[in-house]
Amino acid sequence: MTIFKSVKSVAVAQLAAAAFLILPQTGHAGDIEAGRTRAQTCIACHGPGGNSPTSSVPTLAAQPEQALATMLYQFREENRKNPVMSPFAANLSNAEMNDLAAYFESEKRLTPSHQTKPANLELGPVLAKKYNCTQCHGPELKGLQHIPNIRGQQHDYLLAQLQGFKAMKRADMDGNMTSASTGLKDEDILVLSDYIAGLSN
Ligand code: HEC
Ligand code: HEC
């Protein structure tokens, strides 16, 4: 059962990568202006420019284009499910997903309103290094290609995702995040969420 699930997840990651074809002229698979127009339905929840005003809803601004396209693909194919979000991805074509991804990547991520507790300002970076978060998400946790930008992401959203990965309830395209979070104590998850959510961009 577990093996079957992980094989399926790898296949999804490969399909998502195949759907995301970079055009050499612009460096973008999608069209930023077409994405901006289409994004009008998204900003009701994800905020103007994809800077979410709600702690439980993720910010999309400055998320790598490939990560965004892959997330939308996972929702559309029902590998990742959420009753609020899934309907907005259900009918998107690959081209529309790439346009939306190109647009949200182009937006600036605003300085978060979240204030990290002083103790976690010291402990957070230690844990992020110890558990290899910085190795995959990058030294500034801004992500790269299919790896998400988590720097200054909304606090409650981060907390729920880390708890979800640890409980093996959050979709995970290649199993890497589930492995990365198995060793985390509940307390570590609280510290990391508080630390990462307060990092300014
Ligand atoms: C009615 C509110 C709502 C609307 C409208 C909406 N979303 Fe979402 N979206 C959410 C919520 C809530 C989540 C978090 C889902 C979860 O916890 O898995 C989410 C998650 C996402 C994610 C995953 C982000 C991440 O960091 O993993 C992407 C990408 C996304 N939405 C893109 C879009 C796009 C593009 C549109 C417009 C076509 C859109 N959303 C419209 C509520 C919404
Ligand atoms: C081996 C590489 C790897 C390591 C190590 C890793 N991550 Fe990830 N992380 C990923 C990938 C890949 C994804 C995207 C998973 C998906 O959506 O299927 C991800 C997703 C996430 C998400 C969800 C982001 C979103 O927008 O939905 C969070 C939060 C996160 N990682 C935090 C962390 C933290 C904190 C650590 C350290 C404890 C960590 N990661 C370690 C590769 C890694």
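## Ligand 2: polar contacts

A polar side-chain atom of Gln74 sits 3.4 Å from an oxygen atom of ligand 2. The model is predicted. His137 also reaches ligand 2: a polar atom of its side chain is 2.8 Å from a nitrogen atom of the ligand. Met173 uses its backbone instead. One of its backbone N or O atoms lies 2.7 Å from an oxygen atom of ligand 2.

## Ligand 2: the shell

Several elements each give two or more residues to the shell around ligand 2: α4, α8 (133–137), α9 (155–166), α10 (176–182) and α11 (186–197). Of these, α9 gives the most, with four residues.

The shell holds 24 residues. Closest to ligand 2 are Cys133, Cys136, His137, Tyr157 and Met177. By class, 17 residues of this shell are nonpolar, five are polar and two are charged.

## Ligand 1: polar contacts

His46 places a polar side-chain atom 2.8 Å from a nitrogen atom of the ligand. For Arg80, a polar side-chain atom is 2.9 Å from an oxygen atom of ligand 1. The side chain of Tyr157 has an N or O atom 2.8 Å from an oxygen atom of ligand 1.

## Ligand 1: the shell

Helices α3 (43–46), α4 and α9 each supply two or more residues to the shell around ligand 1. The largest share, four residues, comes from α4.

There are 18 residues around ligand 1. Cys42, Cys45, His46, Met85 and Tyr157 come nearest. The shell around ligand 1 has 13 nonpolar residues, four polar and one charged. Tyr157 is listed among the closest residues for ligand 2 and among the nearest for ligand 1.

## Packing of α4 and α6

Helix α4 also packs on another helix. Its residues 65–76 meet helix α6, residues 94–106, at an angle of about 140°, and the two axes are 8 Å apart. That angle makes α4 oblique to α6. The crossing of α4 past α6 is right-handed.

On the α4 side, the contact is made by Glu65, Leu68, Ala69, Leu72, Tyr73 and Arg76. On the α6 side, it is made by Asn94, Met97, Asn98, Leu100, Ala101, Ala102, Phe104 and Glu105. By class, the contact of α4 with α6 has nine nonpolar, two polar and three charged residues.

Note on methods. Residues are numbered from 1 along each chain as its sequence is written. Chains are lettered from A and ligands numbered from 1 in the order in which they are written. This is a predicted model: local features need pLDDT of at least 70, side-chain atom pairs count only at pLDDT 80 or more; totals for chains, interfaces and linings use all residues. Side-chain values use heavy atoms; hydrogens and water are left out. Axes are lines fitted to C-alpha atoms, for helices over the stretch in contact, and angles run from 0 to 180 degrees between N-to-C directions. Angles under 35 degrees count as roughly parallel, over 145 as roughly antiparallel, 65 to 115 as roughly perpendicular and the rest as oblique. A crossing is left-handed if the near helix is turned anticlockwise from the far one by less than a right angle, and right-handed if clockwise. Contact means heavy atoms within 4.5 Å. Ala, Val, Leu, Ile, Met, Phe, Trp, Tyr, Cys and Pro count as nonpolar, Asp, Glu, Lys and Arg as charged, and the others, Gly among them, as polar. A residue is near a molecule or strand if one of its heavy atoms lies within 4 Å of it. A polar contact is a pair of N or O atoms within 3.5 Å; within protein, one must be able to donate a hydrogen and the other to accept it, and residues adjacent in sequence count only if both atoms are side-chain atoms.
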